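Visitor: Please take me through one part of this model in detail. I would like the nonpolar core and what surrounds it.

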Amino acid sequence: DKLLSVEEHWVEEGRREALELELAKPVKDRVEYKTGYAMGLNHGERFGAEFGFYLSILLFYKHLTNESEGVQSNSGKIETNVQKCIELIKNFPSNPEVENIEELREQIKARFKLVLSLLKIPPSVISSLNPNAGNDSSDNNTDPDLKNIQKVQNSISF
């Protein structure tokens, strides 16, 4: 019991010292700050890639309907929903602290799916074009988001 007690004492002492050293660092150098910063970069990158992909498809459609004589929009409903989706993307808040940010993201996804449906484009066609599709799956039991966060966290220097 005495040996166990001594070990526990030094483990606790080590934790206290580590915490004091960590708290003595400027905020930007702390592990939790770097982890949070890396996570923010990763999520922001994913949102940007997702919305950029949607926007490229929507703007390409608009280009085809506006510039090509052979392709005409057969429905004002399609045009309205394309424009609404573009506006939702353009007005997406850059501040991640907005309370309903996930709800806004879901609105964009739903509107984009509606446009695809109106255009009679199967979602599988679009997902095969999207380089970011399937990023939510695990690769050899390692979360790809975790890999990205660790990469960014290791490369952060202020």
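Visitor: What percentage of the 158 residues of the chain count as buried?

Guide: The figure is 20%, with buried meaning under 20% relative accessible area, for a 1.4 Å probe and protein chains only. This is a predicted model: local features need pLDDT of at least 70, side-chain atom pairs count only at pLDDT 80 or more, and totals for chains, interfaces and linings use all residues. Residues are numbered from 1 along each chain as its sequence is written, and side-chain values use heavy atoms, without hydrogens and water.

The chain has six helices and zero strands. Helices here are DSSP runs of H or I, at least four residues long, and strands are runs of E, at least two; both are numbered from the N terminus.

Now the core. A nonpolar core is a set of buried Ala, Val, Leu, Ile, Met, Phe, Trp, Tyr and Cys residues joined through side-chain atoms within 4.5 Å. The largest one holds 19 residues. Phe51, Tyr54, Leu58, Val82, Ile89 and Phe112 touch the most other members. Helix 2 (31–67), helix 3 (76–90) and helix 4 (101–118) each give two or more residues. Helix 2 supplies the largest share, seven residues.

Take Leu58. Beyond its neighbours within four places in sequence, Leu58 is in contact (heavy atoms within 4.5 Å) with Val82, Cys85, Ile86, Ile89, Phe112 and Val115.

Arg105 lies in helix 4. Arg105 counts as buried because its relative accessibility is 15%. Again leaving aside neighbours within four places, Arg105 is in contact with Phe47, Glu50, Phe51 and Phe92. Its side chain also makes a polar contact with the side chain of Glu50, at 2.8 Å. A polar contact is a pair of N or O atoms within 3.5 Å; within protein, one must be able to donate a hydrogen and the other to accept it, and residues adjacent in sequence count only if both atoms are side-chain atoms.

Methods. Buried < 20%, exposed > 50% of the residue type's maximum accessible area, 1.4 Å probe, protein only.
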